[in-house]
Amino acid sequence: MDASKHLKRRFASALFTLLMALLAVVAATFAWYIYHTSAHTTKMHMAAGSGMSLEISNDFEDGYGYAVELKAAGKLNPVSTDKISGGFQKVTEFTTESKNSSRLLASFFEPGDNTDYYKTSLYLRTSSDKMTVYLSDIGYSDNDELNPISTAIRVGLVPHLPGKDTKAVGEYIFEINDTDNTDDSAGYNTLKGEDGHVLDSSKKDGSTVPFEPYYKDNFCNYDTDTGIVSLKPNSIPICTVEGDKNGRPGTPVELTIYIWLEGCDRDCTRNLCDQTLSNLALSFAGYSENNEGEVAYGE
């Protein structure tokens, strides 16, 4: 009888331990876990346009005009990187934060799949004099304003040398919404690192590095009333386009566009599960010292 009671107590203890482990999994507060297991789908309408002599297309050869529409549909799983050229990583395993905590933190990672984020290309050209292209705005609409996924979205721009299938010559990562989402339980969601860090693309052990994305201060100014383009102190030039000597369009420049959910963003939390971006619009402006500028806009 005593042996039977002892076995029952051991069984109850084991059952309790298993239950606590399951509760710890359920208590995960970061979206990396939730999105990875829920096959989250994003349907997003993207638009970019151009005015005057700054032309845009989604095809290198033709289709140039004053507007181009791009549609994105597919999984949007949280990934992280400090350098697009170094690739993206996503979580595969989790570790309990501490012995007295049920919160899980990402601890093991693998390379992200190209289906985890959105990637496409735009092509810009001009028939005017040499002009430098800047972002003038990134417009967006959240599917749910109370749970804005935009707070953890990043947009990456990778310009190439003029021509088709040419070498990339830089990269620029922009944050589109620096406000906090409504989940006040947010905390840093990897075992290593702290707020403001992202995964180090040169390492595969979960190491993080501090990273500050570009934001509105790095756009140029575009006056919608006058059409005048001017620069801010911190405006970031994206690429340069130039027409030929006969006033015809010059060689197009490719911009590879990346859109992803930054898994290391403290706003990448459970309340964003099943949320999407309804719209994303990239606005470009061409600035030349010889004129007031040419604007490219998306809506």
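A: Two strands pair if DSSP finds at least two bridges between them. Strands are DSSP runs (E, at least two residues) and helices are too (H or I, at least four), numbered from the N terminus. This is a predicted model, in which local features need pLDDT of at least 70, side-chain atom pairs count only at pLDDT 80 or more, and totals for chains, interfaces and linings use all residues. Residues are numbered from 1 along each chain as its sequence is written, and side-chain values use heavy atoms, without hydrogens or water.

Start with the setting. The protein has 2 helices and 17 strands. Of its 299 residues, 51% are buried (under 20% relative accessible area with a 1.4 Å probe, protein chains only; exposed is over 50%, partly exposed in between).

Now zoom in on strand 9. Strand 9 covers residues 172–175. It belongs to an open sheet of 5 strands, ordered 2-6-15-8-9, with antiparallel pairing. Strand 9 is an edge strand, and so is strand 2 (54–57); each pairs on one side only. On average, neighbouring strands of this sheet are turned by 25° against each other, direction ignored. Angles like this use axes fitted to C-alpha atoms (for helices over the stretch in contact), and run from 0 to 180 degrees between N-to-C directions.

The partner of strand 9 is strand 8, residues 153–159. The two run antiparallel, and 4 bridges join them.

Next, the rings. The whole structure holds 8 aromatic pairs (ring centres of Phe, Tyr or Trp, its six-membered ring, within 6.5 Å; planes under 30 degrees apart are stacked, over 60 edge-to-face, the rest tilted). In one of them, Phe174 meets Tyr214: their centres are 5.5 Å apart and their planes at 45°, so the pair is tilted. Phe174 lies in strand 9, and Tyr214 in the loop between strand 11 (208–210) and strand 12 (221–222), so the pair ties together parts 40 residues apart in sequence.

Which of these rings is buried? Phe174 is, with a relative accessible area of 0%. Tyr214 is partly exposed, at 28%.

Phe174 also pairs with Phe219. That pair is tilted too, at 5.9 Å centre to centre and 35° between the planes. Phe219 sits in the loop between strand 11 and strand 12, so its pair with Phe174 of strand 9 links parts 45 residues apart in sequence. Phe219 is buried, at 5% relative accessible area.
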